[in-house]
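Take a look at the structure below.

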Amino acid sequence: MTADAVTDVGGVRVGHATRDGDGWLTGVTVVLAPEGGAVAAVDVRGGGPGTKETDALDPRNVVRKVDALVLTGGSAYGLDAASGVMAWLEERGRGVRVGPDPAHVVPVVPAACLFDLGRGGDFRARPDAALGRAAVEAAAASGPGAEVPQGCVGAGTGAVAGVLKGGVGSASTVLESGITVGALAVVNAAGSVLDPETGVLYGELFEGRVTYPERRTHEAARRRTAEVAARNPEPPLHTTLAVVATDADLTKAQAQKLAGTAHDGIARAVRPVHLLHNGDTAFALATGARSLDPERPPALDTALDAVLAAGADLVTRAIVRAVRAARPVAAPGGAWPSYEELYGEGARVE
């Protein structure tokens, strides 16, 4: 029995901290690595990213492993959530050892943010260190292979997918080699997640055959979304975030390639992506529990290609799940219908 989520990668845990109501509509999601950390990498393709500690992940730099990744709302203000995660890790002696005492560590906590400021009504209601700590505590408290809550939780609380409500989604697979790959996505996109002519999710068109919604259902949905677009004017500041994790033993350079191909999964499910005012960012985590293929020379080893392809596919599936799990939200800062509210069972993968 698997969770069909990024937590199927052994030792990886996910925790959310959510705040909504009283002007709030935001949150934090933490992906916690196993004890000892994981090799990590990042690939940023949006023109307006908000990140922290991502330079440390460059293969040329000294940090080999990290203990946690932070995905947060609140735009650049929300990056403060990483401080709470950093403090929690330091208390447990987890981080880069910098002195003779085992307690002398500096936890490196890469983070990326999305724009949700003011969507709950209060522009100053944004994640802080306390909310980051709550998210990492939730991750630590979850059991091995725990299901990942999806939809309007954590960093997906205030996320918007075009004119629809966005959110968090996750998926996983086990390859023929026995390597596990999982993905988690937070969908907060300026682009659309659905085909405007049919109402079918782009990600489901990629995944396989679909049942198209009735024309009258789609026309009603188009009228509703047009009303939403007119009523919710806001700056074109959006970001889709993704994490691909695997138990494969990857170098930092290989992990960076995995983070790069994760963007293929975003591009299949959201159109357009990687625009000037987007902060689209993808991370990769590799726990190193399984070798790729020790019997084959690197030039002939296709195991990494399978991991790369799976990572992209799973990001697409995670985005679909995020949109389908989202619920409609009405707040002082705007009102956004969900895909399920508009289409229900009318457009399902067969």
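Predicted model: local features only at pLDDT ≥ 70, side-chain atom pairs only at ≥ 80, totals over all residues.

Residues are numbered from 1 along each chain as its sequence is written, and side-chain values use heavy atoms, with hydrogens and water left out.

Two packed helices are described by the angle between their axes and the distance between the axes. Helices here are DSSP runs (H or I, at least four residues), numbered from the N terminus. Axes are lines fitted to C-alpha atoms over the stretch in contact, and angles run from 0 to 180 degrees between N-to-C directions.

Start with helix H1 (residues 81-91) and helix H2 (residues 129-141). Their axes come within 6 Å and cross at roughly 50°. Contact means heavy atoms within 4.5 Å. Among the contact residues are Val 85 and Trp 88 of H1, and Arg 133 and Val 136 of H2.

Now find helix H5 (residues 252-269) and helix H6 (residues 303-325). Their axes come within 7 Å and cross at roughly 40°. The contact includes Leu 258 and Ile 266 of H5, and Leu 308 and Val 315 of H6.

Finally, the rings. A charge sits over a ring if NZ of Lys or CZ of Arg is within 6 Å of the ring centre and within 35 degrees of the ring normal. Arg 126 lies over the face of Tyr 77, at 3.6 Å from the ring centre. Arg 271 lies over the face of Tyr 202, at 4.2 Å.

Technical notes. Helix = DSSP H or I, 4+ residues; strand = E, 2+ residues; numbered from the N terminus.
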